[in-house]
Amino acid sequence: MIVVMRPDHTPEQVQAVMDRLVMFGLQGQPIRGVEREVIAGLGQVMQEHRDEISMMAGVDEVIRVSKPYKLSSRETHPKDTIVELPHGVKVGGGHPVFMAGPCAIEGEDQILAAARGVKKAGAHVLRGGAFKPRTSPYSFQGLGLDALKLLRQAGDEVGLPVITECLSVRDVDVCAEYSDVLQIGARNMQNFVLLQEAGKTGKPVLLKRGMSATIEEWLLASEYVMSQNNPNLILCERGIRTFETAIRNTLDLNAVALVKRLSHLPVIADPSHGTGKWYLVRPMSMAALAAGADGLMIEVHPNPDHALSDGAQSLTPNNFGDLANEARRLGEALSRPFAEPPASVASGA
Ligand code: PEP
Ligand code: MN
């Protein structure tokens, strides 16, 4: 931290700050400029240290220098993290991936049709919600454990790893049993106990950005997972709330580009929730890739008109196929070609 002294400070006040720094186990280095004097506080600086120093006599302001998030920061870990999933899928490291499937698992035929469709189009991960965080308690809430089993079965049948949202601490064990990746949804980004419990499973976790969360809050939330000795974290920008009502959310692609710079973690984008409109998903997918996204999460439903949740933003398997083709061409042009998808499982399986 940098402690900026007031123009009218006294030498005794500088000494008092220096003494307090020593008390905190920090090193103080006074620097006298032409107009102002500052003190560099070096060492393991905590928020409480900054708060105390900022209240001392003669102190004008305290400026933080290093990032408050440590495990997810590039400062401490310059190399890209690559999260490894079953079937040889790797997320991060310059080869984008597709995570695709329905918003919610509605039944065996639906999830199988979706799984086959996204597999054919070249998806790397099958998504599907079993426990749904719906705004209204009267809306479809997901099929719970039955859905998890169907998701696992569909993933195994087509040969894709699966991801599902873990809605509460109550669901962590069962989600970890059936799913390869635990998704923490936007509404739960700051459910710190859930983040810790998901982290403890050791399973890869995908952490969506909260709809009103700053980038710093998002990265601090990621620390709750990583501090459980779990480095397998993927971040997902899914749109934030702004004054704009013409679209469901504002997909913040600044965040994708910035977080790629601030953090070593893979960052993917979810243009389905980010826009709420199926016809915006394709252009915003391309924009997200151009911004540096390590992958796309796309809602795909065999029959979007009859979907029990998020039909308006869901693509048909054919439309997803077109999106995937265009995205692969863009990946080549950006010198970030998509990762090879898992091979097909032997037919008859
Ligand atoms: C979802 O992925 O279906 C979902 C509910 O996402 P979010 O948490 O981003 O709203
Ligand atoms: Mn959804």
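For the record, Ala, Val, Leu, Ile, Met, Phe, Trp, Tyr, Cys and Pro are the nonpolar ones. The model I am reading is a predicted one.

**Entry: second largest pocket**

I applied these classes to the lining of the second largest pocket and found 3 nonpolar, 6 polar and 9 charged residues. The lining of this pocket consists of 18 residues. Nearest its centre I noted P133, R187, R248, H273 and D310. I read its volume as about 230 Å³.

**Entry: shell of ligand 1**

Which residues lie closest to ligand 1? I listed R127, K132, A186, R187 and R238 as the closest, out of 13 residues that surround the ligand. Sorted by class, this shell holds 7 charged, 3 polar and 3 nonpolar residues.

**Entry: polar atoms at the ligand**

I went through the distances to oxygen atoms of ligand 1 next. R127 places a polar side-chain atom 2.7 Å from a ligand oxygen. A186 has a backbone N or O atom at 2.7 Å from an oxygen atom of ligand 1. For Q183, a side-chain N or O atom is 2.9 Å from an oxygen of the ligand. How much of the area of ligand 1 does the protein bury? Taken alone, ligand 1 exposes 300 Å², and I find 97% of that buried by the protein.

**Entry: largest pocket**

I turned to the largest pocket, where about 300 Å³ of space lies. I counted 16 lining residues, with V45, R50, K67, P68 and K70 nearest the centre. Which secondary-structure elements each supply at least two residues of this lining? I noted strand β3 (37–42) and helix α2 (47–54). By class, the lining of the largest pocket has 7 nonpolar, 5 polar and 4 charged residues.

Terms used. Residues numbered from 1 in each chain as written. Chains lettered and ligands numbered in written order. Predicted model: local features only at pLDDT ≥ 70, side-chain atom pairs only at ≥ 80, totals over all residues. Heavy atoms only, no water. Near = heavy atom within 4 Å. Polar contact = N/O pair within 3.5 Å; in protein donor to acceptor, adjacent residues only side chain to side chain. Areas by Shrake-Rupley, 256 points an atom, 1.4 Å probe, with all protein chains shown as cover. 1 Å grid on protein atoms, 1.4 Å probe; cavity = no way out; pocket = protein on both sides within 12 Å on 5 of 7 lines; lining within 4 Å. Points joined across faces, edges and corners; volume = space filled by probe spheres on them. Helix = DSSP H or I, 4+ residues; strand = E, 2+ residues; numbered from the N terminus.
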